[in-house]
Amino acid sequence: MSVEIDWLAFLSVFAAALIGAVAIVAFYALGLRMLVRAGRVPVVTPAEFTDAITVLSEKEIKRAAKQAQKAARKSPLTEGQKTLAFVAALGCFALCAAAVIGGILLIVLGGGH
């Protein structure tokens, strides 16, 4: 019994996975950048776990939120530019979601094989 590997199929799957991963990370990073440009800095309060290595104090969380508000006020963009940046951020996040859903559908539906 011999096992043969279709190397061309393996390379095409590898290339698709690599391109998909790079595209998702790039669009997510660009979406976050556009969100910050729009003056909507995402401040995420960390969940507190008893076994966490680092837990932020209330003072640190408030300081981060204050810095985010200060950065939003310093933006040199007009309201129209901020709105455009926000729409671009939503578009980037939508592309990320579409890529993930498309990948899941490709796996579930079999991709033609």
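The report below starts with the model and ends with residue pairs.

## Model and conventions

This is a predicted model, in which local features need pLDDT of at least 70, side-chain atom pairs count only at pLDDT 80 or more, and totals for chains, interfaces and linings use all residues. Residues are numbered from 1 along each chain as its sequence is written, and side-chain values use heavy atoms, with hydrogens and water left out.

## Fold

The chain has three helices and zero strands. Its pattern along the sequence is α-α-α. Helices (H or I, at least four residues) and strands (E, at least two) are DSSP runs, numbered from the N terminus. Helix α1 covers residues 7-37, helix α2 residues 58-73, and helix α3 residues 79-109.

Contact means heavy atoms within 4.5 Å. Among the contacts in the chain with a separation of 6 or more, 70% join residues 24 or more positions apart.

## Burial and surface

Of the 113 residues, 12% count as buried. Buried means under 20% relative accessible area, exposed over 50%, and partly exposed in between (1.4 Å probe, protein chains only).

The accessible surface of the chain comes to about 9200 Å². Carbon and sulfur atoms hold 69% of that surface. Accessible areas come from the Shrake-Rupley method with a 1.4 Å probe; for residues, only the protein chains shown count as cover.

## Surface patches

Patches are made of residues with over 30% relative accessible area and no salt bridge; like charges are joined within 9 Å, and nonpolar side chains (Val, Leu, Ile, Met, Phe, Trp, Tyr) within 5 Å. A nonpolar patch is formed by Val 3, Ile 5, Trp 7, Phe 10, Leu 11, Phe 14, Leu 18 and Val 22. Together these residues have about 890 Å² of accessible area. Val 22 is found in helix α1 and counts as exposed at 52% relative accessibility.

A patch of positive charge gathers Lys 66, Lys 70, Arg 73 and Lys 74 on the surface. Lys and Arg count as positive and Asp and Glu as negative, while His and the chain ends are not counted. The place of a charge is taken as NZ of Lys, CZ of Arg, CG of Asp or CD of Glu. Arg 73 lies in helix α2 and is exposed, with a relative accessible area of 62%.

## Salt bridge

The structure holds one salt bridge, defined as a side-chain nitrogen of Lys or Arg within 4 Å of a carboxyl oxygen of Asp or Glu. Glu 79 pairs with Lys 82, and the closest N and O atoms are 3.8 Å apart. Both residues lie in helix α3, three residues apart, about one turn of the helix. Glu 79 is exposed at 58% relative accessible area. Lys 82 is buried at 14%.

Gly 20 belongs to helix α1 and is partly exposed, with a relative accessible area of 28%. Gly 20 and Val 100 are 80 residues apart along the chain, with their C-alpha atoms separated by 8.5 Å.

Leu 84 lies in helix α3. Leu 84 is exposed, at 61% relative accessible area. Arg 37 is 47 residues from Leu 84 in sequence and 9.7 Å away in space, C-alpha to C-alpha.
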